[in-house]
Amino acid sequence: MAEPRPRVWVSQPLFDDIVGRLAAHFDVRSTAEVTEHPPEAIAVALRDCAGALVTLNERIGAPEIAGATQLRAIANVGVGYNNLDIAALTQAGIVATNTPDVLTETTADFGFALLMATARRITEAERWLRDGQWQQWSFGTLLGADLHGSTLGIVGMGRIGQGIARRARGFDMRVLYHNRSRLPETVERACGAVYAGFDDLLAQADHVLLVLPYSPQVHHLVDAAALSKMKPTATLVNIARGGLVDEVALSDALANGRLAAAGLDVYEDEPAVRPELLALRNVVLTPHIASASLATRRAMVSLAVDNLIAALGAGPDAGHPPTPVNPDVLSAAAKAITAKRQGA
Ligand code: GLV
């Protein structure tokens with residue numbers, strides 16, 4: 001009798017034509033509607049699965065995988081993977097993968113767009129116009145801050161941060177960056193960016209853009225103390241993760257003129273947005289869409305599908321998913337697959 005095919009869970013509706021590739025290898029259990037899966041439902045969904053294709057909506061750690069004895073791979077559709085407890089997955093021998101590279105340029109475009117919208121008050125201006133407040137052209141209406149000739153401080157200088165730095169050169173901006181480790185000089189030169197300590201960057205930048213990975217170590221990196229080091233004329237843009245910013249302190253600073261404006265694509269408790277932020281006129285709010293161009297979202301799903309197929313030992317790259325997060329687990333899994341293929 002033929003062996004039953006491994007089962008995989010797809011946690012959200014993605015692109016059917018792309019996710020459909022999984023059906024050539026696995027028994028696919030899909031999710032028809034956008035769903036908020038409580039932790040217990042995730043544990044139940046994973047229980048009899050070999051793999052899962054998930055998004056940042058699904059938080060998966062030790063309790064969710066406790067009963068999932070067949071689980072071998074989780075493919076995250078997203079570059080950030082703070083929704084996964086990598087230590088718990090690694091300990092359980094489960095491969096995790098993410099989707100870097102394919103979203104770099106799209107996300108950098110969006111970071112720059114959000115920066116421009118924030119500094120030049122574009123959404124505020126549109127709300128004002130739509131509200132019928134434009135009765136007369138006046139010289140002093142909605143004065144914003146320039147990008148050209150200003151100093152941009154990028155916190156987190158990975159692929160996306162570097163993409164933003166390259167864009168900033170076209171705007172004749174001076175670019176400072178802060179990163180866990182300093183980049184090689186050749187890379188600094190290629191993106192025209194100068195390394196600065198975090199406090200120094202906060203003090204010097206006219207615009208501060210956060211694009212670093214979230215971890216508990218950087219929770220509330222931008223808190224009241226950090227905000228107090230920024231220029232009162234400065235803008236803050238966050239396209240990384242909400243937990244990097246203390247939203248209470250930020251709302252307070254924006255309301256009290258200690259910071260000129262903020263652009264936020266991510267929030268501490270998504271999809272909830274604090275009423276204090278919603279009430280402010282000097283903050284641009286978007287619903288976590290930095291990578292959301294059609295082509296890029298499709299490319300992310302495609303990469304995640306490739307990852308899942310390969311991580312579960314199927315397809316042409318069996319045992320070698322393109323973008324693993326915990327490659328140590330992978331090498332053990334890949335060895336097992338190679339041995340099985342060789343009939344050992
Ligand atoms: C989105 O936030 C991602 O991490 O890809």
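Trainee: A crossover is called right-handed if, with the strands pointing away from the viewer, the path from the first strand over the helix to the second runs clockwise. Which elements make a right-handed β-α-β unit with E10?

Mentor: Strand E10, helix H11 (residues 247-255) and strand E11 form that right-handed unit, where helices (H or I, at least four residues) and strands (E, at least two) are DSSP runs numbered from the N terminus. Before going on, please keep in mind that this is a predicted model, in which local features need pLDDT of at least 70 and side-chain atom pairs count only at pLDDT 80 or more, while totals for chains, interfaces and linings use all residues. Residues are numbered from 1 along each chain as its sequence is written, and side-chain values use heavy atoms, with hydrogens and water left out.

Trainee: Fine. How do E10 and E11 pair, and over how many bridges?

Mentor: They pair in the parallel sense over four bridges, pairing being counted if DSSP finds at least two bridges between two strands. Within that pair, Thr235 has Ala261 of E11 as its bridge partner.

Trainee: And which strand do four bridges join to E10, besides that one?

Mentor: Strand E9 (residues 207-210) is joined to E10 by four bridges, and the two run parallel; here Leu209 is partnered with Val237 of E10. The chain passes from E9 through helix H10 (residues 224-229) to E10, again as a right-handed β-α-β crossover.

Trainee: Which way do the E10 side chains point, and are they buried or exposed?

Mentor: Thr235 and Val237 point one way from E10 (residues 235-238), Leu236 and Asn238 point the other way, and all of them are buried. Buried means under 20% relative accessible area, exposed over 50%, and partly exposed in between, with a 1.4 Å probe and protein chains only. As a general rule, the side chains of a regular strand alternate between the two faces of the sheet.

Trainee: Which protein atoms lie 2.8 Å from an oxygen atom of the ligand?

Mentor: A backbone N or O atom of Val79 does, as does a backbone N or O atom of Gly80, and an N or O atom in the side chain of Arg241 is also 2.8 Å from a ligand oxygen. Such polar contacts are pairs of N or O atoms within 3.5 Å; within protein, one must be able to donate a hydrogen and the other to accept it, and residues adjacent in sequence count only if both atoms are side-chain atoms. Taken alone the ligand exposes 190 Å², of which the protein buries 89%; these areas come from the Shrake-Rupley method with a 1.4 Å probe, and for residues only the protein chains shown count as cover.

Trainee: What does the side chain of Thr31 reach?

Mentor: Thr31 sits in the loop between strand E2 (27-29) and helix H2 (39-47), and its side chain reaches the backbone oxygen of Val10 at 2.6 Å, while a polar atom of that side chain lies 3.3 Å from the backbone oxygen of Ser11. Thr31 counts as buried because its relative accessibility is 12%. Ala32 also has its place in the loop between E2 and H2, but Ala32 is exposed because its relative accessible area is 70%.

Trainee: And Asn179, where does it lie?

Mentor: Asn179 is in the loop between strand E7 (174-178) and helix H8 (185-191), and it is classed as buried because its relative accessible area is 17%. A polar atom of its side chain lies 2.9 Å from the backbone nitrogen of Met157, and the side chain of Asn179 also reaches the backbone oxygen of Ser181 at 2.9 Å.

Trainee: Last topic, the backbone: which residues does a cis peptide bond join?

Mentor: Glu270 and Pro271, with omega about 0°; Pro271 belongs to the loop between strand E11 (261-264) and helix H12 (275-278).
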